Every structure is written in C-alpha cells, then in structure tokens.
Amino acid sequence: MCTPYDVVTLLNDLYLRFDRLVGLHDAYKVETIGDAYMIVGGVPERCENHAERVLNISIGMLMESKLVLSPITHKPIKIRLGVHCGPVVAGVVGIKMPRYCLFGDTVNVANKMESNGIQCKIHVSETGKLNGLKANPSYVFIDRGNTEIRGKGMMYTYFLERNDRKSVWELCSRPRSGEQTIDGYMELHDQSIYQEEGGQQENLTVENGNSAQNNHNNNNNTHHSGRKLMNGSSVDPGSHHIRSPTCTIS
C-alpha cells in the first residue's frame with residue numbers, strides 16, 4: 001500500500017536530484033506542481049546555449065530517475081520529458097506569494113511535448129532539436145515522425161538518444177563504477193530494470209514537464225512595447241515583465 005507520506009518522500013527524493021542537476025548546468029527551475037517539474041534555459045539571464053543546457057539536464061534527469069524507487073513495486077519509477085524552444089514573456093506576478101512565471105505558446109508546446117511523450121524517453125520538438133544541434137552538433141536524435149498534438153495539429157518530433165560529447169556520468173557529475181559502460185548510455189536506455197518477476201513492467205509514473213501551465217497559455221498573443229535590454233530581451237514599461245526572444249523549456 002502506498003501512503004501520502006510515501007508519495008511526498010518519493011517526490012522529495014526525485015526533486016532534490018533534479019535541483020542538483022539544474023544548478024550543475026546553470027538553468028532555472030520555474031516551479032513544481034504536484035509531479036510536474038518545469039525548468040527553463042535562457043531565462044531570466046539570456047544565453048546562447050540554452051537548448052544545450054536543458055537537453056543535458058534532461059539526460060541527467062532520466063538517469064537520476066532510475067535511482068528513485070516506487071514505494072509499491074520497489075522498482076525504478078518512469079518519467080516523461082518534453083523539450084521545446086521558443087520566445088516567452090517572463091516576470092514576477094502577484095503580491096502575495098509572488099512567483100516568477102513564463103507566458104506564451106512556447107510553454108504550451110513544451111507541455112504538449114511532455115504529455116504526448118513516451119515513458120523513459122526525451123521527447124523533443126523540431127525547434128528544440130535544431131537549437132540543440134546548433135549549440136552542440138554531437139547530439140544524436142531519432143525520428144519519432146509526425147505526431148498528432150492536440151491544439152497544434154501534426155508535428156514532426158524526435159527523441160534525444162545521447163550526447164556524444166559527454167558521458168552520462170559527466171552530465172550527472174557522478175563517478176562511474178567498474179561494471180558500468182564508459183559513456184553510460186546503455187544504462188540510460190536499459191529497460192530491463194523496470195521488469196518485475198514474470199517479465200511485467202510496473203507502470204507508476206512521475207511525469208516531468210509543465211502540465212500545470214495551461215492556465216498561462218492565453219497570454220501569448222498579448223502585445224507589449226518595451227525597452228530593449230543589452231542581452232536582446234525587452235522589458236514592458238508597465239509591468240516590468242521580460243520578453244525573451246528565445247529560450248528552452250522542459
């Protein structure tokens with residue numbers, strides 16, 4: 001039997017691991033809502049390799065999730081990851097318990113990449129792939145093909161397989177044991193660890209993404225005229241919200 005305490009303990013273990021990766025790769029943790037964990041690269045501080053940072057973190061997240069066990073089956077949990085690149089409007093909203101929020105269609109598409117993904121896979125949009133390869137040509141993607149995305153129609157998407165420039169152990173900043181492969185990608189994609197006796201796989205899933213962000217998506221058509229910042233972003237003079245020309249969300 002799984003108690004609420006078990007769920008909180010599981011999420012705390014998982015999120016502590018994710019928090020370490022976000023700090024390691026210098027990205028920004030936007031928020032967590034339940035089992036949804038949302039990060040962004042290129043906001044609030046703009047950088048050219050935002051896609052590379054988020055893709056590297058995604059590989060690390062998938063690996064770290066294999067160390068978190070289900071309280072029911074005592075097997076590793078399964079997560080879904082979705083990545084997309086595009087422009088956003090970002091800023092602190094509210095007075096009581098203010099939060100730094102992201103607004104725009106990019107948030108919506110990142111959500112769709114996660115919710116339409118597959119367990120234990122990193123689902124990446126076309127722009128996510130292109131921006132990733134622009135920053136690091138050593139990424140290896142496989143085609144998923146055309147995928148029906150609700151509200152967006154057919155989108156051609158990909159799965160991230162590996163980063164040939166860095167091993168999984170480097171991306172996670174963890175030592176490799178003598179029994180493990182040099183680059184760690186065999187362990188990353190190993191599905192046998194999820195199988196129970198008799199060959200069945202457990203299906204408890206903790207989703208990684210931003211599925212709770214749909215309430216922000218109606219703001220993407222709002223017009224803002226603001227002053228330019230040195231990093232290429234702009235600030236709305238009324239709200240002081242930042243408009244970023246591009247970022248990467250997972």
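R99 is partly exposed, with a relative accessibility of 37%, in what is a predicted model. The side chain of R99 forms a salt bridge with that of E31, at 2.4 Å from N to O. E31 belongs to strand β1 (residues 28-33) and R99 to strand β4 (residues 99-103), so this pair ties together parts that lie 68 residues apart in sequence. E31, in turn, has a relative accessible area of 10%; buried means under 20%, so E31 counts as buried.

The whole structure holds twelve salt bridges.

| Salt bridge | N to O distance |
|---|---|
| E31 and R99 | 2.4 Å |
| R162 and D164 | 2.5 Å |
| E64 and R17 | 3.1 Å |

Which residues are joined to E64 in a network of salt bridges? The network links D13, R17, R20, E64 and R174. Within it, the side chains of E64 and R17 meet in a salt bridge. This pair connects distant parts of the chain, with E64 in helix α2 and R17 in helix α1 (residues 4-24), 47 residues apart. E64 and R17 are both buried.

E64 and R174 are also among the residues that line the second largest pocket, together with M63, K66, L67, W169, C172, P175, Q180, E187, D190 and I193. The volume of this pocket is about 170 Å³. Helices α2 (50-65) and α5 (168-172) each contribute at least two lining residues. Sorted by class, the lining comprises six nonpolar, five charged and one polar residue.

Conventions: Residues are numbered from 1 along each chain as its sequence is written. This is a predicted model: local features need pLDDT of at least 70, side-chain atom pairs count only at pLDDT 80 or more; totals for chains, interfaces and linings use all residues. Side-chain values use heavy atoms; hydrogens and water are left out. On a 1 Å grid over the protein atoms alone, a cavity is a set of points where a 1.4 Å probe fits but cannot get out, and a pocket is an open set with protein on both sides within 12 Å along at least five of seven lines; lining residues have an atom within 4 Å of a point. Grid points are joined across faces, edges and corners, and a volume is the space filled by probe spheres set on the points. Helices (H or I, at least four residues) and strands (E, at least two) are DSSP runs, numbered from the N terminus. Ala, Val, Leu, Ile, Met, Phe, Trp, Tyr, Cys and Pro count as nonpolar, Asp, Glu, Lys and Arg as charged, and the others, Gly among them, as polar. A salt bridge is a side-chain nitrogen of Lys or Arg within 4 Å of a carboxyl oxygen of Asp or Glu. Buried means under 20% relative accessible area, exposed over 50%, partly exposed in between (1.4 Å probe, protein chains only).
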